[in-house]
Structure formats: structure tokens, C-alpha cells
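Me: I am new to this structure. Can you take me through it in short steps?

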Amino acid sequence: MIVACPHCSALNRLPAAREATAANCGKCKKPLFMAVPLELTSANFAAHAEKAELPLVIDFWASWCGPCRSFAPVFNQAAAELEPRFRFGKIDTEQQQALAARFAIRSIPTLMVIKQGSILAQQAGALPKAQFYQWLNTLA
Ligand SMILES: [Zn+2]
């Protein structure tokens with residue numbers, strides 16, 4: 001399984017038997033899973049969304065968006081509980097306007113799951129935790 005490092009974006013190949021959450025990056029030696037969402041930018045997006053083999057769950061958000069702020073704890077909790085089945089990342093649509101434009105994000109929060117460059121699912125608006133988990137469970 002190919003996993004992108006949340007710190008340096010290096011691609012790591014993990015043997016299936018190895019406990020993924022305990023693995024460190026071969027390049028920067030930091031943990032490959034931090035149990036928190038990572039900050040996605042145009043610099044690290046391709047590594048996580050296209051080259052890595054884990055489904056990437058993205059939260060498109062902005063600091064001025066109330067529903068985004070209320071959904072943030074649910075998203076954080078999902079990262080803590082559902083890694084390494086998924087990788088969780090947040091895209092600040094104010095800072096990363098190119099990524100927001102590329103995916104034609106019109107309302108936030110928008111949730112999206114991408115695996116190796118293909119969009120598996122997309123959802124406009126936040127979900128309560130149970131429904132969010134249910135939605136993810138149908139995808140991986
Ligand atoms: Zn690294």
C-alpha cells in the first residue's frame with residue numbers, strides 16, 4: 001500500500017502486515033499517521049489525492065463559515081478513529097483557491113472522497129457524525 005507522508009509528502013510503500021499507524025516516513029522519519037486531518041495545499045495535493053492509495057476524505061472549508069466550524073470536531077474525530085482506512089485532509093478554500101476552483105466548489109463545507117485521482121463521492125453540506133461515518137463506510 002502506498003501512503004503519502006503528511007509532513008514531507010514522500011511516498012512510502014507499506015508492507016501489508018505492518019501496523020500502518022505505527023509506521024514512520026522513510027524520508028523524514030516522522031509518523032505517517034497523526035490521527036489528525038492534514039492541511040492540503042496545491043503543493044501536497046497530488047501526493048495524497050493521486051499517488052497515494054488510501055481514499056482521501058477532504059473537507060473544503062473556510063474560517064468565516066459557521067457550519068464548517070461546527071463540523072470540524074466531527075472531522076477531527078473521524079481522522080482519529082478511521083485512520084488508516086482513510087486519509088483525512090482539509091482544504092482552506094480562501095487559501096487554496098486553485099483547488100477550490102478545480103473542483104468547482106460552490107458551497108462549503110463540501111465533503112469529497114478521492115482515491116488515486118478519481119472522485120468516489122461528494123457531499124455538499126456537513127453531516128452529523130453517524131451519517132458521516134455511514135457515508136464513509138459505503139466507500140471503503
Ligand atoms: Zn516524511
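Reply: Start with a term: contact means heavy atoms within 4.5 Å. This is a predicted model.

Me: What do the buried residues of helix 2 pack against?
Reply: Helix 2 covers residues 66-82. Its buried residues include Cys-68, Phe-71, Val-74 and Phe-75. They pack against strand 4 (56-61), strand 5 (87-92), strand 6 and helix 4.

Me: How far apart are the end C-alpha atoms of helix 2?
Reply: Helix 2 has 17 residues. At 1.5 Å a residue, they should span 24 Å. The model agrees, with its end C-alpha atoms at 25 Å.

Me: Where does helix 2 bend?
Reply: The bend is about 35°. A proline, Pro-73, follows within four residues of the bend. The residue at the bend is Ala-72.

Me: Which element supplies the largest share of the largest nonpolar core?
Reply: That core has 17 residues, and Val-57, Leu-82, Phe-88, Phe-132, Trp-135 and Leu-136 touch the most other members. Helix 2, strand 6 (110-115) and helix 4 (129-137) each supply at least two of its residues. The largest share, six residues, comes from helix 2.

Me: Is Thr-110 buried or exposed?
Reply: Thr-110 lies in strand 6. Its relative accessible area is 4%. Buried means under 20%, so Thr-110 counts as buried.

Me: Which residue's backbone oxygen does the side chain of Thr-110 reach?
Reply: Beyond its neighbours within four places in sequence, Thr-110 is in contact with residues including Ile-58, Phe-60 and Gln-122. Its side chain also reaches a backbone oxygen at 2.5 Å. That oxygen belongs to Ser-107.

Conventions
Residues are numbered from 1 along each chain as its sequence is written. This is a predicted model: local features need pLDDT of at least 70, side-chain atom pairs count only at pLDDT 80 or more; totals for chains, interfaces and linings use all residues. Side-chain values use heavy atoms; hydrogens and water are left out. A nonpolar core is a set of buried Ala, Val, Leu, Ile, Met, Phe, Trp, Tyr and Cys residues joined through side-chain atoms within 4.5 Å. Buried means under 20% relative accessible area, exposed over 50%, partly exposed in between (1.4 Å probe, protein chains only). A polar contact is a pair of N or O atoms within 3.5 Å; within protein, one must be able to donate a hydrogen and the other to accept it, and residues adjacent in sequence count only if both atoms are side-chain atoms. The expected span of a helix is 1.5 Å times one less than its number of residues. The bend at a residue is the angle between axes fitted to the seven residues ending there and the seven starting there.
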